[in-house]
Amino acid sequence: SVAVLAPVGLPIINGIVGATQITLIRQQVASVIWSCRNSGGGAGQARLRITFSPVTLPSGVQGALVTIPGFSTVPLLLAFGTVAPLLVSSVYTVTLAMLDDTNVVLGTYQFVLSILEN
């Protein structure tokens with residue numbers, strides 16, 4: 001059978017369910033966990049992708065590829081840091097996208113990320 005993957009509930013961002021805004025110090029790492037459910041009864045894969053607006057930061061922002069057995073829920077953990085030159089603070093709109101292994105978007109979520117200098 002074909003796997004049908006879907007994100008479950010809201011993502012957990014730095015320990016906050018459905019956070020709409022987080023603040024980091026430059027080079028600090030934030031975690032994003034978004035559970036994904038397989039409703040198709042077969043094996044499936046899902047991953048997270050992050051994009052930053054208005055500036056895309058040149059850092060690793062790809063989520064781990066996770067195999068999901070039938071009907072189980074697996075947390076996807078994503079860590080990202082900032083390496084772009086910053087002024088006193090920078091504010092970004094971050095878009096999370098949950099994709100299946102064929103790059104079909106299963107769900108999206110946006111939050112505001114403020115990055116401060118040490």
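In strand S12, Val 112 is the bridge partner of Gln 21. S4 and S12 pair in the parallel sense over five bridges, where pairing requires that DSSP finds at least two bridges between two strands; strands are DSSP runs of E with at least two residues, numbered from the N terminus.

This is a predicted model, in which local features need pLDDT of at least 70 and side-chain atom pairs count only at pLDDT 80 or more, while totals for chains, interfaces and linings use all residues. Residues are numbered from 1 along each chain as its sequence is written, and side-chain values use heavy atoms, with hydrogens and water left out.

S4 has a covered face, formed by Ile 22 and Leu 24, and an uncovered one, formed by Gln 21, Thr 23 and Ile 25. In a regular strand the side chains alternate between the two faces of the sheet.

The largest nonpolar core has 21 residues, and Ile 13, Ile 22, Leu 96, Met 98, Phe 111 and Leu 113 touch the most other members. The elements that give two or more residues to this core are S4, S5, S7, S11 and S12. Such a core is a set of buried Ala, Val, Leu, Ile, Met, Phe, Trp, Tyr and Cys residues joined through side-chain atoms within 4.5 Å.

Two residues are partly exposed, between the limits for buried (under 20% relative accessible area) and exposed (over 50%), with a 1.4 Å probe and protein chains only.

| Residue | Relative accessible area |
|---|---|
| Val 105 | 44% |
| Asn 14 | 32% |

Val 105 is found in S12, whereas Asn 14 lies in the loop between strand S2 and strand S3 and has a positive phi, near 50°, although Asn 14 is not a glycine.

Terms used: Helices (H or I, at least four residues) and strands (E, at least two) are DSSP runs, numbered from the N terminus.
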